Amino acid sequence: MVYLLKMKNNFWKKLERPIYALAPMAGVADSAFRQICKSFGADVLYSEMASVTALVYAPEKTLEMLEFSKVERPYVAQLFGSDPKHFAHATKLITKKLKPDGIDINFGCPVKKVQKQGAGAVLMNDLKLSKKIIKSVIDNTNLPVSIKTRTKVGKVNILKFLDNVRDLDIKAVMIHGRTLNQGFTGEVDFRIIKKAKDYFKGVILANGGVNSAEDAKELLKKIEADGIGIARGTLGKPWIFNEIKEYKSPQPPLNKGGANKCRNAKFCVCTKKEIFEIALKHAKLVEKLKGAAGIREMRKHLCWYAQGLPNARKLRQELVKVENLKDIRKALK
Ligand SMILES: Cc1cc2nc3c(=O)[nH]c(=O)nc-3n(C[C@H](O)[C@H](O)[C@H](O)COP(=O)(O)O)c2cc1C
């Protein structure tokens, strides 16, 4: 019965290939930003990572952080932690209370505070515990379970990691093509992501370094993955999903804010006016969902929207001080 439910709920199978996912980003990819990315064609949206321990001891705030709107479906809630029992509890809770479309486990976070808890990327180096955690999530939900990893942590590379969990019903893996030691910079190892296909039969999403439609197409050509996860490439540029999907040929550099010289202007967001309209739409959503605190929180998004525009520095000086929609409108004028 559980097996049948799992089959029924596996949204990954139904998605058109290639899949373009908004990768998880703590402090950035909240419901408002996810909705904006969805409006530009993101196929799957990952939540910010949520602590399973917090979901055990003081769940309210974390559950609130994981909330989503139905327009965000398919929506994947990402969990991090190191205790299989906490994972089991958190999985049951969010399956019942939030009903996302999938649950993802974080094996990629390099943040020191997370590493100290034995969670995130360092887990990859402990094959036994990693397996126990994945199993505890799978056993406690009827939702498809996915994992997000790095290419290597300590002595364990992604191939060994996937081989170790071959017998588990993992539906998808997003592989950040860098080792833990690399953090967020340096070359992305696409060859090992390609090899991962021999070790994992589910959906493989490649992640790392995709900042343009050209990057995405190049990457897909090289690795023949099922899709791509994009994180920083969406910052101040959530329309990247649309650009990728409609991409036909190499483009001249985007002339943000200036005359619209982009050959693919139909689907690109090229002008300052268009960018400001999106920033304002995003801000309105944030205000609706999070109130004034949300506006302060989204100042970083506003600065990312301003990147590359004429007088960006001056504009950013205004944007880092905004308190409400009125301030934003004034700054963008
Ligand atoms: C601000 C920020 C927050 C992130 N938060 C998460 C997270 O919560 N969970 C996770 O698995 N990865 C997280 N990541 C990693 C990204 O999902 C992604 O793997 C990494 O940035 C590489 O992809 P990119 O080159 O497209 O940015 C975060 C990255 C950034 C920049």
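In the predicted model, Lys 99 occupies the loop that runs between helix H6 (84-97) and strand E4 (102-107). The phi angle of Lys 99 is near 55°, a positive value in a residue other than glycine. Lys 99 has 13 other C-beta atoms within 10 Å and is therefore partly exposed. A positive phi is also found at Asn 311, which is not a glycine and has a phi of about 60°. Asn 311 is placed in the loop between H14 and helix H15 (312-319). With 11 other C-beta atoms within 10 Å, Asn 311 is exposed, since the cut-off for an exposed residue is 12 or fewer. Most residues other than glycine have a negative phi, and most peptide bonds are trans.

Two cis peptide bonds are described here, from Arg 17 to Pro 18 and from Arg 73 to Pro 74. In the bond from Arg 17 to Pro 18, omega is near -10°. Pro 18 belongs to the loop between helix H2 (11-14) and E1. For the bond from Arg 73 to Pro 74, omega is near -5°. The loop that holds Pro 74 lies between helix H5 (59-66) and strand E3 (75-80).

The chain as a whole contains 16 helices and nine strands. Its radius of gyration is 20 Å, close to the 20 Å given by the globule rule for 333 residues, so the chain is as compact as a globular protein of that length. The C-alpha trace spans about 55 × 45 × 40 Å along its principal axes. Buried residues make up 47% of the 333 residues of the chain. Among contacts with a separation of 6 or more, 66% are between residues 24 or more positions apart.

The domain assignment divides the chain into domain 1 (2-246) and domain 2 (272-332). Taken over C-alpha atoms, the centres of domain 1 and domain 2 are 28 Å apart. Seven residues from domain 1 and nine residues from domain 2 take part in the contact. On the side of domain 1 that touches domain 2, four residues are nonpolar, three are polar and none is charged.

Helix H3 (residues 31-39) is mostly covered, with eight of its nine residues buried. The buried residues of H3 are Ser 31, Ala 32, Phe 33, Arg 34, Gln 35, Ile 36, Cys 37 and Lys 38. These buried residues pack against strand E1 (19-22), strand E2 (44-51), H12, H13 and H14. Just after H3, Gly 41 adopts a positive phi of about 100°.

Two of the helices against which the buried residues of H3 pack, H13 and H14, also pack against each other. Two packed helices are described by the angle between their axes and the distance between the axes. For helix H13 (residues 272-297) and helix H14 (residues 299-306), the angle is about 170° and the axes are 10 Å apart. H13 is therefore roughly antiparallel to H14, as angles over 145 degrees count as roughly antiparallel. H13 contributes Ile 275, Ala 279, His 282 and Arg 296 to the contact, and H14 contributes Arg 299, His 301, Leu 302 and Tyr 305. By residue class, the contact of H13 with H14 consists of four nonpolar, two polar and two charged residues.

Glu 287 is also part of helix H13. Glu 287 counts as partly exposed because it has 18 C-beta neighbours inside 10 Å. Apart from neighbours within four places in sequence, Glu 287 is in contact with Gly 294, Ile 295 and Leu 325. The C-alpha atoms of Glu 287 and Asn 324 are 8.0 Å apart, although 37 residues separate them along the chain.

Arg 232 is located in the loop between strand E9 (227-230) and helix H12 (240-246). Arg 232 has 16 other C-beta atoms within 10 Å and is therefore partly exposed. A distance of 14 Å separates the C-alpha atoms of Arg 232 and Gly 183, which are 49 residues apart along the chain.

How values were computed
Residues are numbered from 1 along each chain as its sequence is written. This is a predicted model: local features need pLDDT of at least 70, side-chain atom pairs count only at pLDDT 80 or more; totals for chains, interfaces and linings use all residues. Axes are lines fitted to C-alpha atoms, for helices over the stretch in contact, and angles run from 0 to 180 degrees between N-to-C directions. Helices (H or I, at least four residues) and strands (E, at least two) are DSSP runs, numbered from the N terminus. Angles under 35 degrees count as roughly parallel, over 145 as roughly antiparallel, 65 to 115 as roughly perpendicular and the rest as oblique. Ala, Val, Leu, Ile, Met, Phe, Trp, Tyr, Cys and Pro count as nonpolar, Asp, Glu, Lys and Arg as charged, and the others, Gly among them, as polar. A residue is buried if 20 or more other C-beta atoms lie within 10 Å of its own, exposed if 12 or fewer, and partly exposed in between; C-beta atoms are placed from the backbone. The radius of gyration is taken over C-alpha atoms; the globule rule is 2.2 Å times the number of residues to the power 0.38. Domain bounds come from an automatic or database domain assignment.
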